[in-house]
Amino acid sequence: MRENIDLRAYNTLGISVSARHFASANSREDLTALRAWARAEGLPLQILGGGSNIVLKDNLPGLVVHVALRGRRWCEVHEDDAILVLEAGENWHQAVIYAASMGYRGIENLALIPGTVGAAPVQNIGAYGVELADTLVDVEVMELTSGEIRRLDCQACRFAYRDSFFKQNAGRYLITQVRLKLSRNRALELSYQGLADAVGASSAEHLTALDVAQAVMALRRSKLPDPESLPNAGSFFKNPLVSHRQFEELRQQWPGIVAFTDPQGMKLAAAWLIDRCGWKGYHEAHVGVHRHQALVLVNHSRGTGKEILDLAQRIQDDVYNRYGVLLEIEPRILP
């Protein structure tokens with residue numbers, strides 16, 4: 001247990017705020033003890049993983065627990081299928097490469113997404129036509145009020161686009177383990193045109209999961225800044241969902257508007273909306289918008305959470321005033 005710890009190193013936006021109390025949990029026993037201590041002291045409990053999808057707005061009171069549970073193993077291994085068991089503190093990208101290197105398919109399109117395994121279900125991470133929900137069997141969770149550890153299957157997680165039961169009930173559960181069902185003969189997902197072009201669609205039958213993961217890595221590196229060199233939280237806004245009628249009205253006024261078909265309507269490309277409002281490459285004293293990707297807000301030089309959120313609000317207002325569409329912030333805001 002440490003006190004008054006700077007969390008700059010624990011969030012990919014590089015925001016400097018203080019945790020009143022801080023501890024790393026390397027086991028379930030650690031988690032149980034830390035939870036009990038916080039309750040006994042009457043302190044709020046905040047969980048941190050890789051810090052890749054959060055905005056730290058202010059100092060965090062109470063106890064901040066960094067989840068460092070490590071381990072990965074295979075179970076229920078059959079001729080072509082197997083379940084990959086991952087502890088919450090495992091690095092997500094390394095887990096993807098591990099699975100792909102062993103010839104298992106299902107999560108290769110999610111390569112190079114920053115963060116830890118425990119955070120992946122919260123956002124139902126997704127990229128290039130694949131979401132975590134496509135392979136998730138279940139998650140092991142600790143209910144923070146009771147301390148009970150139990151499993152929730154995929155249906156109970158209530159996954160949606162960048163949403164889940166855990167996001168809807170923030171602060172109620174701590175994810176300790178994730179189980180994914182992967183396959184050696186699962187069809188590769190190459191519907192995203194940029195990815196198909198990168199791997200060469202004509203040779204798809206000869207591709208491996210690792211080939212696809214490497215192509216995804218190249219695409220992401222060409223579009224998104226590395227948080228270690230330019231602090232950021234990845235895509236800052238969700239792609240907004242609108243009805244077919246609203247989309248047609250927008251297309252009449254803005255013929256070049258970019259959108260994708262969704263079961264519930266049309267999903268607008270938030271990056272296109274932000275770019276057309278002139279924000280891509282915007283730079284102020286400490287924060288700004290990445291010059292190559294309008295969805296990414298960056299911390300150039302010791303920016304604060306307030307500066308990041310103020311910039312996000314101005315972008316939201318501008319897009320709404322022009323298109324009548326409200327952008328929703330993707331990262332969680334703490335506290």
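Student: Which elements supply at least two residues each to the lining of the second largest pocket?
Tutor: In this predicted model, they are strand S3, helix H3 (120-123), helix H4 (165-168), strand S12 (173-183) and strand S19 (332-334). S3 gives the largest share, 4 residues.

Student: What makes Gln46 a lining residue of the second largest pocket?
Tutor: The cut-off is an atom within 4 Å of a pocket point. Gln46 is among the 30 lining residues, so it meets that cut-off. Gln46, Ile47, Val122, Tyr173 and Arg332 lie nearest the centre of this pocket. Its volume is about 560 Å³.

Student: Which domains each give the lining of this pocket at least three residues?
Tutor: Domain 1 (2-67) and domain 2 (72-222).

Student: What classes do the residues of this lining fall into?
Tutor: There are 16 nonpolar, 12 polar and 2 charged residues.

Student: Now the cavity. Why is it called a cavity and not a pocket?
Tutor: In a cavity the 1.4 Å probe fits but cannot get out, whereas a pocket is open. The search of the whole structure finds 1 cavity of 30 Å³ or more. The largest cavity has a volume of about 40 Å³, so it passes that size limit.

Student: Which residues line the largest cavity?
Tutor: Leu31, Leu34, Arg35, Leu45, Ile47, Val65, Leu144 and Leu174. Helix H1 (28-41) and strand S3 (45-48) are the elements that give two or more. H1 gives the most, with 3 residues.

Student: Why does Arg35 count as charged in this lining?
Tutor: Arg is in the charged class, so Arg35 counts there. By class, the lining has 7 nonpolar, no polar and 1 charged residues.

Technical notes
Residues are numbered from 1 along each chain as its sequence is written. This is a predicted model: local features need pLDDT of at least 70, side-chain atom pairs count only at pLDDT 80 or more; totals for chains, interfaces and linings use all residues. Side-chain values use heavy atoms; hydrogens and water are left out. On a 1 Å grid over the protein atoms alone, a cavity is a set of points where a 1.4 Å probe fits but cannot get out, and a pocket is an open set with protein on both sides within 12 Å along at least five of seven lines; lining residues have an atom within 4 Å of a point. Domain bounds come from an automatic or database domain assignment.
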